[in-house]
Number of protein chains: 2
Amino acid sequence: MSHSRRGLLFVLSSPSGAGKTTITRRLLADDPALSMSVSVTTRPPRDGEVDGRDYHFIDKPAFDELVATRALLEYAQVFEHWYGTPIAPVEATLGAGRDMVFDVDWQGAQQVRRRLPDHFVSVFVLPPSMTELHDRLRRRAKDSEKTVLARMAKAVDEVSHYDEYDYVIVNDEIERAVADVKSIFVAERLKRVRQTWLAAFVAKLLGPS
Amino acid sequence: MSHSRRGLLFVLSSPSGAGKTTITRRLLADDPALSMSVSVTTRPPRDGEVDGRDYHFIDKPAFDELVATRALLEYAQVFEHWYGTPIAPVEATLGAGRDMVFDVDWQGAQQVRRRLPDHFVSVFVLPPSMTELHDRLRRRAKDSEKTVLARMAKAVDEVSHYDEYDYVIVNDEIERAVADVKSIFVAERLKRVRQTWLAAFVAKLLGPS
């Protein structure tokens, strides 16, 4: 049974290396009704990244203009670069009844909640241990030891905000973590308050047939 | 990862014939950690029912004694018989960190919420249509037309209370409905506020190793 409703905003946060990107990719691959916004960034494209698909690559003055006109749902500086989520396509997608997933840090999560508090659902993914996290970051060959240390410092900051989230998952095992996030999405859609069509459905159920 | 916590109370309600009993049986069969309390009733045993397994069959004075001593978590009169849930085994099970499912009507749900408000989760199962419900009740060969009509009247009363529940499922298709309830159980266990061990886990995660 399909009913019109406003889409949900699923915010996923975790320290870098805790598996969030893998989880997000799996969610998007397995659920065609789910989508993710394309962020703007001032960071230069990495090998293989496509403008308009991975990010909209823009310069700092263009970024500042988006901030000044409140055209960004959330934005943040991560190390030396700026990242943000344009609000217009998000509003259009949610208005069409499609759910969206947001891969943002705790600052982004706070901004999204403040700007679009309705139908906001947040999930924090914890690593089983910081040693495990450190190992995962070191195995990413591209990152220098300095970058790894900076990411570890940011990871500690990120983890300290776990208590601002609706749900918390410990990513011991990726298949289990993906299944857990899927269950959260299913359950959130089944909350009575989300199913705005129910009052009319029950009225019809109990009315003269 | 397994952590000590207090069990959750999952209350499932629906009009008779909407599939709640089938859903409950499947949940209990598929999740050994889940249990269901054995109710007391003043109704005589039906063929095949075993005292102490299906119900504790007791007489009206014994039932009144349980009510007077507040030994019942909830109780209700359904047609000419009385039903109730002894609170002591429920407290013991939840205290041991095991979740329980309760198959009660809206009045029972209200009493359970009042008596044990913490970790209370409620799910209402709606039939796709009242015609479908009527057909299902008529197909139960044991029930007379008079019983079917009484059950239909009770079903209308039951459905009118759907808006007191946390989650609502329309049982179009039983496999989907079972999967939906399972997702709700998984998600509720992943709520940050339910995972009382998290603060200690994160402190250890971030502390000196």
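Author: Happy to! This is a predicted model: local features need pLDDT of at least 70, side-chain atom pairs count only at pLDDT 80 or more, and totals for chains, interfaces and linings use all residues. Residues are numbered from 1 along each chain as its sequence is written, while chains are lettered from A and ligands numbered from 1 in the order in which they are written.

Reader: Thanks! What do chains A and B have in common where they meet, and why do the copies meet through the same surface?

Author: 100% of the interface residues of chain B are also interface residues in chain A, so the copies meet through the same surface. Contact here is counted for two residues whose C-beta atoms, placed from the backbone, lie within 7 Å.

Reader: What rotation superposes chain B on chain A?

Author: A rotation of 180 degrees, with 0.0 Å of shift along its axis, and the RMSD is 0.0 Å. That is the relation of a two-fold axis. The superposition is by least squares on the C-alpha atoms of residues with pLDDT of at least 70 in both copies.

Reader: And which residue of chain B comes closest to that axis?

Author: B:Ser183, whose C-alpha is at 2.2 Å from the rotation axis.

Reader: New topic: which residues touch the most other members of the largest nonpolar core?

Author: Of its 85 residues, those are A:Phe10, A:Val123, A:Ile169, B:Phe10, B:Val11, B:Val123 and B:Ile169. Such a core is a set of buried Ala, Val, Leu, Ile, Met, Phe, Trp, Tyr and Cys residues joined through C-beta atoms within 7 Å. A residue is buried if 20 or more other C-beta atoms lie within 10 Å of its own, exposed if 12 or fewer, and partly exposed in between, with C-beta atoms placed from the backbone.

Reader: What is B:Val11 in contact with?

Author: Leaving aside neighbours within four places in sequence, its contacts include B:Phe102, B:Val104, B:Phe120 and B:Val123.

Reader: Is helix H2 of chain A buried or in the open?

Author: Of the 9 residues of H2(A) (60-68), the number buried is 0, so the helix lies largely in the open. Just after H2(A) comes A:Arg70, with a positive phi of about 55 degrees, although A:Arg70 is not a glycine. Most residues other than glycine have a negative phi. A:Arg70 lies in the loop between H2 and strand E5 (72-78) of chain A and is exposed, with 9 other C-beta atoms within 10 Å.

Reader: Where is A:His119 found?

Author: In the loop between helix H4 (106-115) and strand E8 (120-126) of chain A. Phi of A:His119 is near 60 degrees, again positive in a residue other than glycine. A:His119 counts as partly exposed, with 18 C-beta neighbours inside 10 Å.

Conventions:
Helix = DSSP H or I, 4+ residues; strand = E, 2+ residues; numbered from the N terminus.
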